[in-house]
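Please look over the model below with these notes beside it.

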Amino acid sequence: MTNLLIALAPEAFLVITALVVLGIGVSAPKARGAITAATLLGGLVAAAALLLHPVDGNFLHGMVVLNPLARLFKLVLLGLGLVSVVFAAESFPKLHFAEALALLLFSMVGMMLLAGTEDLLMIFLALELTSLPLYILAAFAKESRASAEAGLKYFLIGSVAAAFLLYGLSLIYGVAGSTNLRVIAKLSGDPDPLLIAGIALTLLGFAFKIAVVPFQLWAPDVYEGAPTAAAALIASGSKVAGVFILTKILTLGLGHWTGTAGWGQFAPGWAPVLALMAAASVVLGNVAALVQSNVKRLLAYSAIAHGGYLLIGLCAADAPSLTAVLFYVIIYALTTAGAFGVVVIVEKQRGGSHLEDFEGLGKSSPVLALCLLVFLISLAGIPPLAGFFGKFYLFTSALANGRHLWLVILAVAMNAVSLYYYLIVLKHALVLPAPKETVPTAAPASKFLVVLLALAVLALGLAPNALIGPLSNGQTVKNIIINTLQK
Amino acid sequence: MSLALFWIFAILTLLFAVGVVVFRSPVSSAMSLVMSFVGLAALFVTLDAFFIAVVQVLVYAGAVMVLFLFIIMLLDLRTEERRPVKLAAWAGGGIVLAGFLVAIARVISSLPGATNTKPEILPGLNDVAQVGVALFRNFNLPFQIIGVLLLVATIGVVVLSRRELK
């Protein structure tokens, strides 16, 4: 019992912080500095609870499951949430600021619960707790039409996807007779038709969460219309949590029905479905990003493409490729959070996030432009940045197992396409002169954080083992790649 | 006795369900939905599922229907206008309905429980107590998470629907 309390302490601290922040918001709504400080303090206490008093174990029949991997993801999600709390100070409307931060905290609680559970009921509740605050935050800029549209679209499509997911999960529960993933894993033999329907509906529901075809339509409008700090969390934290739990459901609970999506060796299961979703997302995301003139929209299409890359790793479904998926999603989240941070600052200085608003950035704030260069080049997957390592590792492990050559060729070709639109942004930021003199506005906290994220992306590119080690039970990148290639 | 009650309430439920679709005035539709829910609750009582029956009345016939009526009043909905009957639409709908009924009938008749009745699960089961114990012991954590979820929804409604004073 006490262990359970310790296990849930970080989430409990965050909920308490959210309530305190709401209280400050009622008594002193103008004290935005104090509100941000209280939120960050609560987050740090939660991080300390996570780091200083680690407990491992299985509580409440799998509803709360903690192990080093889950704790690592909780820490990453907490960090990503706090990053958007800092960005929120620059990009949220001044009105109801405390409520915005409290909602960010509640969403973080949902993500962290999601990372530490193996139970379908908890998974669904935690997903809803993650999404509901994000729906509200997307619509938070009340005077902006685009934000209202973003909120409504996100909410409607999200509700439909949640209905799919709930229906799918309940069918799986109906067949297995348990909501626990490890009990579900004991099912074997030919899948029940109901189970097939359940798996298909679950996959559709998660397609929304990680923004891949066929539930990708919301992403561009939401990324563009939502306050940028909210978009940053939707693009980073929400995606990390979604990918992590999807990996868990598919491999831990439904590992029997993986199938293969290899060329000429097709076997039915969820992997071929994921392969189709991956191929469609990679093509659609990268091609549609080519014609975007708004950087946030461009990042949205790039997010769809990256969702596709992640699914390729999931298709392969063996230990090295799953490690690669988890590595890649963390790298992607750090990079995209940083890119959104640059957008936050540019938006504050120039009032928009179109390509023209980035012109002359290299002159007016060289540090910021350099960070943008790091983020975009990492997203494009160019060495020595972390994004390159993520992709390289993802693709080599997908090649070694199941021979997903066709998917990898498609992904690499489309990755070359993606280089074009990332470089277009950089051309505007670094080469083209500013149309008019702009006064750089100080946003010291956000700027500091952006630099920090850029350094992290750089450092993880130079020493990927620092993250790969904890993800793969201490194996180094070199060992894993050697193992993969030998198979 | 129980069988007679079943038929009475089943017919009431279905009649009022048809009423929801047929009535032109939204308020009449909503009221017949209430009656349909009450009939359904009575069917649950005949099955000894008292908890579900009570929840059915409290939540659906009570809370949800009050919301329905509020929305009807707020939107000031008038009686629907009579539309010309389209033969093709009726025929299409009829075919879909017939196919659906056939499918349902086949599924139900193929179920093992359709022909031989199963014994009672646990005679004298106190279902309210059972649900309470399950909710507060085994599912305590999900229960509390739902509490946080409702708080989030409340904050969202207040923040988004509030008219700002300038």
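Buried means under 20% relative accessible area, exposed means over 50%, and partly exposed lies in between (1.4 Å probe, protein chains only). This is a predicted model: local features need pLDDT of at least 70, side-chain atom pairs count only at pLDDT 80 or more, and totals for chains, interfaces and linings use all residues. Residues are numbered from 1 along each chain as its sequence is written, chains are lettered from A and ligands numbered from 1 in the order in which they are written, and side-chain values use heavy atoms, with hydrogens and water left out.

1. **Salt bridge at Arg71(A).** Over all chains, the search finds 9 salt bridges. The term stands for a side-chain nitrogen of Lys or Arg within 4 Å of a carboxyl oxygen of Asp or Glu. One of them pairs Arg71(A) with Asp56(A), at 2.6 Å from N to O. Arg71(A) sits in helix H4 (residues 68-91) of chain A, and Asp56(A) in the loop between helix H3 (32-52) and strand S1 (57-59). The two are 15 residues apart. Helices (H or I, at least four residues) and strands (E, at least two) are DSSP runs, numbered from the N terminus. Why does Arg71(A) count as buried? Its relative accessibility is 18%, and the cut-off for buried is under 20%. Asp56(A), at 45%, is partly exposed.

2. **Salt bridge at Glu90(A).** Glu90(A) pairs with Lys348(A), with 3.0 Å between the closest N and O atoms. Glu90(A) is buried at 18% relative accessibility. Lys348(A) is partly exposed at 39%.

3. **A salt-bridge network.** Arg297(A) and Glu224(A) form a salt bridge at 2.6 Å, N to O. Arg297(A) is in helix H14 (residues 295-316) of chain A and Glu224(A) in helix H10 (residues 218-225), so the pair ties together parts 73 residues apart in sequence. Shared partners join Glu149(A), Lys153(A), Asp221(A), Glu224(A) and Arg297(A) into one network. Arg297(A) is buried at 19% relative accessibility. Glu224(A) is partly exposed at 28%.

4. **Thr39(A).** Thr39(A) lies in H3 of chain A. Is Thr39(A) buried or exposed? Thr39(A) is buried, at 0% relative accessibility. Leaving out residues up to four places away in sequence, Thr39(A) touches Thr17(A), Val21(A), Leu82(A), Val85(A), Leu101(A) and Leu105(A). Contact here means heavy atoms within 4.5 Å.

5. **Helix H20(A).** The 19 residues of H20 (residues 444-462) of chain A should span 27 Å at 1.5 Å a residue. The end C-alpha atoms are 27 Å apart, which agrees. The expected span is 1.5 Å times one less than the number of residues. Buried residues of H20(A) include Ser446(A), Leu449(A), Leu453(A) and Val457(A). The buried residues pack against H4, H15, helix H17 (366-380), helix H18 (386-400) and helix H21 (465-471) of chain A. The face turned away from the buried side carries exposed Pro444(A), Phe448(A) and Leu462(A).

6. **Nonpolar patch on chain B.** Val66(B), Phe70(B), Ile71(B), Met73(B), Leu74(B), Leu75(B) and Leu77(B) make a nonpolar surface patch of about 750 Å². Patches take residues with over 30% relative accessible area and no salt bridge; like charges are joined within 9 Å, nonpolar side chains (Val, Leu, Ile, Met, Phe, Trp, Tyr) within 5 Å. Areas come from the Shrake-Rupley method with a 1.4 Å probe; for residues, only the protein chains shown count as cover. Val66(B) lies in helix H3 (residues 50-75) of chain B. Val66(B) is partly exposed at 42%.

7. **Cis peptides.** Val213(A) and Pro214(A) are joined by a cis peptide bond, with omega about 10°. Pro214(A) is in the loop between helix H9 (193-209) and H10 of chain A. Another cis bond joins Pro383(A) and Pro384(A), with omega about 5°. Pro384(A) is in the loop between H17 and H18 of chain A.

8. **Positive phi.** His61(A) is not a glycine, yet its phi is positive, about 55°. His61(A) lies in the loop between S1 and strand S2 (64-66) of chain A and is exposed at 68%. Asp48(B) has a positive phi near 70°. Asp48(B) is in the loop between helix H2 (26-46) and H3 of chain B, and is partly exposed at 44%.
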